[in-house]
Amino acid sequence: DQYSWVATASMFARFFGDAADPKVLATIERSDAEAKRLMENLSSSSSSPSNIDDKCEAKFAFEAAAKVISNHEAIASDCSNKDPKSQVHISRSGSEVIADVLLSYIASLLMNEGDKAIKFVQSEHLQLPAIEDGDKADMAQAARTVASRLCVPRDMSAPAAKVLRTVLLAVAEKLD
């Protein structure tokens, strides 16, 4: 998907480019700005619900849920890693436990709602996980980190990634 290519371009420029080269720095800045714009377009705060593509086939919601379930330990560890080796410019969650609670919640939501997952997270019916108020910002950060670190086709198909990112960002916004 477009986000994955843009984020990868930034990562490769950081890994293989000359940090002193103004052209490399410009490429990184452009890629990071475009990645941010693409994420904002998925976020319900930057678009009215009527502008968001809420088409969500159940098979893609289930694909996303299956990946989250099968990899939840690694995902929770990655999104709370205090010393990441790549994409160090992406903020991380402070708690692996909170990230794990988030991932369980997201997987359950995707499995239970299926083709209605995107509409459901944007509705007033969404019940957030029961956590302390002080942990909500950390859980929101975990959701944003997972959405940012998700890569197509490495992790899942583009349609499944779009569903997962949209759900994660909508939950993050409601936690804020």
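**Entry 1: Leu164**

I looked up the contacts of Leu164, setting aside neighbours within four places in sequence, and found Ala64, Val68, Ile106, Leu110, Leu150 and Met156. I note here that the model is predicted.

I then turned to the largest nonpolar core, which has 49 residues. Leu164 is among the members that touch the most others, together with Ile106, Leu110, Val167 and Val171. The largest share comes from H8, with eleven residues.

**Entry 2: H3 and H8**

I checked how H3 and H8 pack. Their axes are 8 Å apart, and the angle is about 75 degrees. An angle of 65 to 115 degrees counts as roughly perpendicular, and H3 and H8 are therefore roughly perpendicular to each other. On the H3 side I listed Phe60, Ala61, Glu63, Ala64 and Val68; on the H8 side, Pro159, Ala160, Val163 and Leu164. Sorted by class, this contact has eight nonpolar residues, one charged residue and no polar ones. Two of the H3 residues in it, Ala64 and Val68, were already in my list of contacts for Leu164.

**Entry 3: H5 and H7**

I moved on to H5 (residues 96–113) and H7 (residues 133–149), which pack with axes 9 Å apart at an angle of about 65 degrees. That makes H5 roughly perpendicular to H7. I recorded the crossing as right-handed. Which residues meet here? From H5 I have Ile98, Ala99, Val101, Leu102 and Leu103, and from H7 Asp135, Asp138, Met139, Ala142, Ala143 and Val146. The classes come to nine nonpolar residues, two charged and no polar.

**Entry 4: H4 and H7**

H7 also packs with H4. I found their axes coming within 9 Å and crossing at roughly 105 degrees. That makes H4 roughly perpendicular to H7. Ile75, Asp78 and Cys79 of H4 meet Ala142, Thr145, Val146 and Arg149 of H7. By class I wrote down four nonpolar, one polar and two charged residues. Ala142 and Val146 meet H4, and Ala142 and Val146 also meet H5.

I looked at the peptide bond joining Val152 and Pro153 and found it to be cis, with omega about 5 degrees. Most peptide bonds are trans. Pro153 has its place in the loop between H7 and H8.

Arg30 is in helix H2. Its relative accessibility is 56%, so Arg30 counts as exposed too. I then took the distance from Arg30 to Ala142. The two are 112 residues apart along the chain, and their C-alpha atoms are separated by 24 Å. Ala142 is one of the H7 residues that meet H4.

Key:
Residues numbered from 1 in each chain as written. Predicted model: local features only at pLDDT ≥ 70, side-chain atom pairs only at ≥ 80, totals over all residues. Heavy atoms only, no water. Axes fitted to C-alpha atoms, helices over the stretch in contact; angles between N-to-C directions. Helix = DSSP H or I, 4+ residues; strand = E, 2+ residues; numbered from the N terminus. Parallel < 35°, antiparallel > 145°, perpendicular 65-115°, else oblique. Left-handed = near helix turned anticlockwise from the far one by under 90°. Contact = heavy atoms within 4.5 Å. Nonpolar A, V, L, I, M, F, W, Y, C, P; charged D, E, K, R; others polar. Core = buried A, V, L, I, M, F, W, Y, C linked by side-chain atoms within 4.5 Å. Buried < 20%, exposed > 50% of the residue type's maximum accessible area, 1.4 Å probe, protein only.
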